[in-house]
Amino acid sequence: PLPGPLPLASSTFRTVTVTWTAALDSETPPAELRYYVFYKESGDAAFNSSCGARSRGKQFGGEFTGETTYSAKVTGLKPAFSYDFIVIVRNNAGVETAFPIVTKRTFPSSIPNSMLLAIGIAGAAVLLLCCLALYCYRRRQRRKAAAAGQNPNTNARARGVITVKAKAKTDFKARSKGELSFKKGETCVLLGEPTAHGWIMARNQAGKQGFVPFSFWAVQKEAAGAYAKPAAHGAKGSHAAAKGRGTAAKGSKPGSRGSAKS
């Protein structure tokens with residue numbers, strides 16, 4: 001057989017791909033010619049023949065046949081090593097001829113496996129330290145907040161703003177604009193502090209706001225200290241204030257409950 005031109009080769013850091021075209025033979029059709037690929041590390045002069053390839057080299061794959069262009073991807077090579085590759089063609093009479101030998105070097109590995117492992121371990125350690133630092137920081141902030149007395153219920157007066165949840169002890173129906181009706185057992189948020197006449201701004205769960213009698217509400221026990229004792233009347237006096245709009249309660253309309261008129 002008459003071999004074709006010098007085979008082409010391309011490489012990665014562990015593979016080399018050898019490509020060649022079909023040979024010519026006077027007795028055997030090109031599609032019936034059989035090809036074999038051998039390889040070994042470079043440096044052996046006796047490898048450049050059919051006998052030398054079979055005795056000194058390592059065969060890749062099996063038999064290649066039936067094509068006009070062939071390609072063999074040799075795997076499992078060492079990084080940064082030079083290898084010699086030779087293609088042998090055989091006709092139907094058993095006569096073998098070797099293609100020109102081709103030498104190709106694999107690429108060096110960019111990062112050793114040991115270094116990759118070390119980088120992975122270091123990254124995991126850094127992530128763990130960041131999580132631990134964040135946990136310690138948040139815990140320290142919570143302790144500072146507790147030490148500074150920033151509990152919104154027990155120290156609302158010190159912060160200047162009071163917002164406390166409370167439950168209605170009885171029903172109340174608004175009698176003027178600015179007041180807020182509610183039912184017994186309803187939960188609202190009390191805003192600010194009671195006026196001198198015992199009224200306080202409240203917001204219900206629907207988002208509506210208005211003044212309500214402060215004494216009609218059961219404030220959470222832990223939030224009770226947020227309010228000074230109002231100059232109000234208790235539940236009984238608040239009923240009187242709600243009924244007697246023409247007297248003292250009338251002088252504290254919702255729009256002016258912050259200032260008491262007697």
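Visitor: How many bridges pair strand E6 with strand E8, and is the sense parallel or antiparallel?

Guide: There are 4 bridges between E6 and strand E8 (residues 102-105), and the pairing is antiparallel. Two strands count as paired if DSSP finds at least two bridges between them. The strands themselves are DSSP runs of E with at least two residues, helices are runs of H or I with at least four, and both are numbered from the N terminus.

A word on the model before we go on. This is a predicted model, in which local features need pLDDT of at least 70 and side-chain atom pairs count only at pLDDT 80 or more, while totals for chains, interfaces and linings use all residues. Residues are numbered from 1 along each chain as its sequence is written, and side-chain values use heavy atoms, with hydrogens and water left out.

Now to the strand. E6 covers residues 82-90. Of its 9 residues, 7 are buried, so E6 is mostly covered. Buried means under 20% relative accessible area, exposed means over 50%, and partly exposed lies in between (1.4 Å probe, protein chains only).

Next comes strand E3 (residues 34-41), joined to E6 by 8 bridges. These two strands run antiparallel. Then look at strand E7 (residues 96-98), which is antiparallel to E6 and joined to it by 3 bridges. Here Arg90 is the bridge partner of Glu96. E6 and E7 form a hairpin with 5 residues between the strands. In that hairpin Gly94 takes a positive phi near 90°.

Some of these residues turn up again in salt bridges. A salt bridge is a side-chain nitrogen of Lys or Arg within 4 Å of a carboxyl oxygen of Asp or Glu. The structure holds 3 of them.

Glu41 forms a salt bridge with Lys78, and the closest N and O atoms are 3.5 Å apart. This pair links distant parts of the chain: Lys78 sits in the loop between strand E5 (69-74) and E6, Glu41 sits in strand E3, and 37 residues separate them. Both ends are partly exposed: Lys78 has 42% relative accessibility, and Glu41 has a relative accessible area of 34%.

Move to the other end of the strand, at Arg90. Its bridge partner Glu96 is also its salt-bridge partner, with the closest N and O atoms 2.6 Å apart. Glu96 forms a salt bridge with Arg54 too, at 2.7 Å between the closest N and O atoms. Glu96 lies in strand E7 and Arg54 in helix H1 (residues 50-56), so this pair ties together parts that are 42 residues apart in sequence.

How open are these three? Glu96 is partly exposed at 23% relative accessible area. Arg90 is partly exposed as well, at 23%. Arg54 counts as partly exposed at 35% relative accessibility. Through shared partners, the salt bridges join Arg54, Arg90 and Glu96 into one network.

E6 is a mostly covered strand. It pairs with E3, E8 and E7. Arg90 belongs to a salt-bridge network with Arg54 and Glu96.
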